Amino acid sequence: MASGAASPRSPPAAKKRAVVVAGDGDDSDVFDRLPDDIVLVVLSRLAANAASPADVASAALTCRRFRELAAHPAVLSRASAAAVAVRWGAWSEAAHRFLRRCAAAGSLHACYFLGMVRFYCLGSRATGAALLGRAAGGGHAPALYALAVVQFNGSGGGKADKDARAGVALCARAAWLGHTPALRELGHWLQDGYGARRDAPAGRRLLLHAAAREHLSWKKHNHGHHDGSAAEDAVSRFMVAWWDSHRAKAAARGCLPGEHGDGEHDGGEDLRLCSHARCGRRETRRHEFRRCSVCGAASYCSRACQALDWKRAHRAQCAAARWLAAAAAADGVAH
């Protein structure tokens with residue numbers, strides 16, 4: 001082929017160069033030319049599908065413009081349950097501020113998570129209950145159930161503040177939304193006739209429905225699907241780690257539970273955690289939670305937690321406690 005002949009690949013190459021130089025000399029990034037509305041839509045989708053708070057933080061750190069737009073209420077209001085699921089190890093003032101901003105923007109998941117942390121961990125009962133009420137008003141099932149537990153126990157108040165009927169109403173609303181713990185709780189209360197007219201057959205049906213939903217939820221979780229229980233699991237893990245850390249710090253200082261390093265008490269030395277290891281709720285006053293009627297060693301914030309812990313561990317523990325009590329009684333008689 002002659003040296004002056006044109007190569008058959010010359011036209012595509014010329015076309016490629018034309019694409020590269022197109023733009024009238026504008027070398028700015030493509031995102032700089034996008035309208036804010038489009039970027040907000042992209043960031044909102046990211047927040048709604050985020051698998052962790054780090055996903056939102058990483059997008060905000062991309063550039064100054066993203067950092068400003070990621071803090072927009074339109075983005076924060078769409079934050080998913082996983083996006084606000086702050087781990088205890090990552091808890092800081094910045095994390096607290098992020099949750100406050102999401103809650104103020106209208107994220108129901110943030111209202112629930114921060115409400116539980118404030119009510120049970122930080123001791124801010126009023127603001128915690130208000131956040132839970134805001135989430136429950138938006139139809140957030142775990143928040144409805146959390147308020148039901150507060151009503152059943154009279155948490156944050158006195159024994160006279162218990163309101164079983166209000167608790168059953170909240171629990172029924174959460175159960176209607178398909179919340180498994182609420183279904184289980186309502187089934188037990190219908191069987192016992194607490195807060196509602198006793199209806200043992202209806203209670204058994206609800207318990208069977210709860211067991212079926214729990215099995216399906218476990219299968220979906222193993223296949224990568226997540227339901228609304230993710231928010232509840234995340235805040236329970238946070239509260240369990242919170243109280244474990246507090247016990248470890250108290251033990252390192254040589255303090256009794258509920259005692260500070262200066263010898264003063266915070267009033268929590270006689271307050272018990274729910275014995276269900278995955279719950280994390282702590283009493284807000286002495287003898288708030290119901291205790292096992294047989295051994296008296298376990299305390300539970302709800303009938304649902306009691307039923308779960310019975311299957312998980314307490315069946316064996318309670319049997320051992322009963323055997324030891326019987327042996328001690330027999331030894332006392334013998335002497």
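## Basis of the model

The model is predicted: local features need pLDDT of at least 70, side-chain atom pairs count only at pLDDT 80 or more, and totals for chains, interfaces and linings use all residues. Residues are numbered from 1 along each chain as its sequence is written, and side-chain values use heavy atoms, with hydrogens and water left out.

## Overall make-up

The protein chain holds 14 helices and two strands. Both are DSSP runs numbered from the N terminus, with helices being H or I of at least four residues and strands being E of at least two. Of the 335 residues in the chain, 38% are buried. Buried means under 20% relative accessible area, exposed means over 50%, and partly exposed lies in between (1.4 Å probe, protein chains only).

The accessible surface of the protein chain is about 18,900 Å², and carbon and sulfur atoms account for 56% of that. Such areas come from the Shrake-Rupley method with a 1.4 Å probe; for residues, only the protein chains shown count as cover. A contact means heavy atoms within 4.5 Å. Among contacts between residues at least 6 apart in sequence, 57% join residues at least 24 apart.

## Helix α9

Helix α9 covers residues 141–153. At 1.5 Å a residue its 13 residues should span 18 Å, and the end C-alpha atoms are 19 Å apart, which agrees. The expected span is 1.5 Å times one less than the number of residues.

The helix is mostly covered, as twelve of its 13 residues are buried. Among them are P142, L144, Y145, F152 and N153. Just after α9, G154 takes a positive phi of about 65°.

## T180 in helix α11

T180 is part of helix α11, residues 180–192. Its relative accessibility is 14%, so T180 counts as buried. Leaving aside neighbours within four places in sequence, T180 is in contact with A210, R213 and E214.

## R303 in helix α14

R303 belongs to helix α14, residues 303–334. R303 counts as buried because its relative accessibility is 19%. Apart from neighbours within four places in sequence, the residues in contact with R303 are E185, H188, W189 and D192.

The R303 side chain makes a polar contact of 3.5 Å with the side chain of H188 and another, of 3.1 Å, with the side chain of D192. A polar contact is a pair of N or O atoms within 3.5 Å; within protein, one must be able to donate a hydrogen and the other to accept it, and residues adjacent in sequence count only if both atoms are side-chain atoms.
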